[in-house]
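Keep the viewer open as you read.

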Amino acid sequence: LYACYSPVLWRSLRAANIHVRANAAEHFIAVFPLNDPTASRSDSDDLLQKQFDALDSLLDDECPSVRAIGVSGVCRIVCSFFELMPKATREYLLTKVVKKMAFDVTSSAVRIEAIKVKLGVSIRGLG
């Protein structure tokens with residue numbers, strides 16, 4: 001899976017076209033976490049950190065639809081891979097969603113997704 005996605009995914013997440021970025025974001029969230037079975041432990045850790053950084057960049061994207069995808073993706077990933085994520089990363093991403101994205105004045109879709117995250121986190125008792 002890593003060999004299929006890696007050449008295109010990272011470039012597409014930074015593409016100028018918002019539709020390409022949105023599509024790449026959906027694929028990235030669907031296949032998270034990407035693993036390179038041939039990588040060393042250090043390289044695997046670097047790849048995982050690159051994926052966490054990509055999640056963060058989705059939350060800062062200039063396009064509201066990409067940010068909305070990022071918000072819902074952060075929630076899904078934190079809920080599904082709670083133990084995989086370092087506590088500091090988990091707290092950083094959730095805090096950003098709850099304190100910044102929930103008040104996004106440019107997009108109601110981003111605010112709605114952030115509210116869903118708030119509800120999901122409080123119901124599941126994560127954080």
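Predicted model: local features only at pLDDT ≥ 70, side-chain atom pairs only at ≥ 80, totals over all residues.

Residues are numbered from 1 along each chain as its sequence is written, and side-chain values use heavy atoms, with hydrogens and water left out. Within the chain, α2 has the highest confidence, at a mean of 96, and α6 the lowest, at 75. Helices here are DSSP runs (H or I, at least four residues), numbered from the N terminus.

So let's begin with α2, residues 18–31. Its 14 residues reach 20 Å from first C-alpha to last, close to the 20 Å expected at 1.5 Å a residue (that is, 1.5 Å times one less than the number of residues). At its start, a side-chain oxygen of Asn-17 comes to within 2.7 Å of the backbone nitrogen of His-19.

Leaving out residues up to four places away in sequence, Phe-28 touches Leu-9, Trp-10, Leu-13, Gln-51, Ala-54, Leu-55 and Leu-58, where contact means heavy atoms within 4.5 Å. In the largest nonpolar core, which has 36 residues, Leu-13, Phe-28 and Leu-55 touch the most other members. Such a core is a set of buried Ala, Val, Leu, Ile, Met, Phe, Trp, Tyr and Cys residues joined through side-chain atoms within 4.5 Å. Each of α1, α2, α3, α4, α5 (87–99) and α6 (108–124) supplies at least two of its residues, and the largest share, eight residues, comes from α4.

On to α3, whose 19 residues reach 28 Å, close to the 27 Å expected. Gln-51, Leu-55 and Asp-56 are among its buried residues, and the buried residues of α3 pack against α1, α2, α4 and α5.

Finally, look at the loop between α3 and α4, where Asp-61 sits. Is Asp-61 buried or exposed? Asp-61 counts as buried because its relative accessible area is 10%. Its side chain reaches the backbone nitrogen of Cys-63 at 2.8 Å, and Asp-61 also touches Arg-21, Val-66 and Arg-67, not counting residues up to four places away in sequence.

Terms used: Polar contact = N/O pair within 3.5 Å; in protein donor to acceptor, adjacent residues only side chain to side chain. Buried < 20%, exposed > 50% of the residue type's maximum accessible area, 1.4 Å probe, protein only. pLDDT = per-residue confidence, 0-100.
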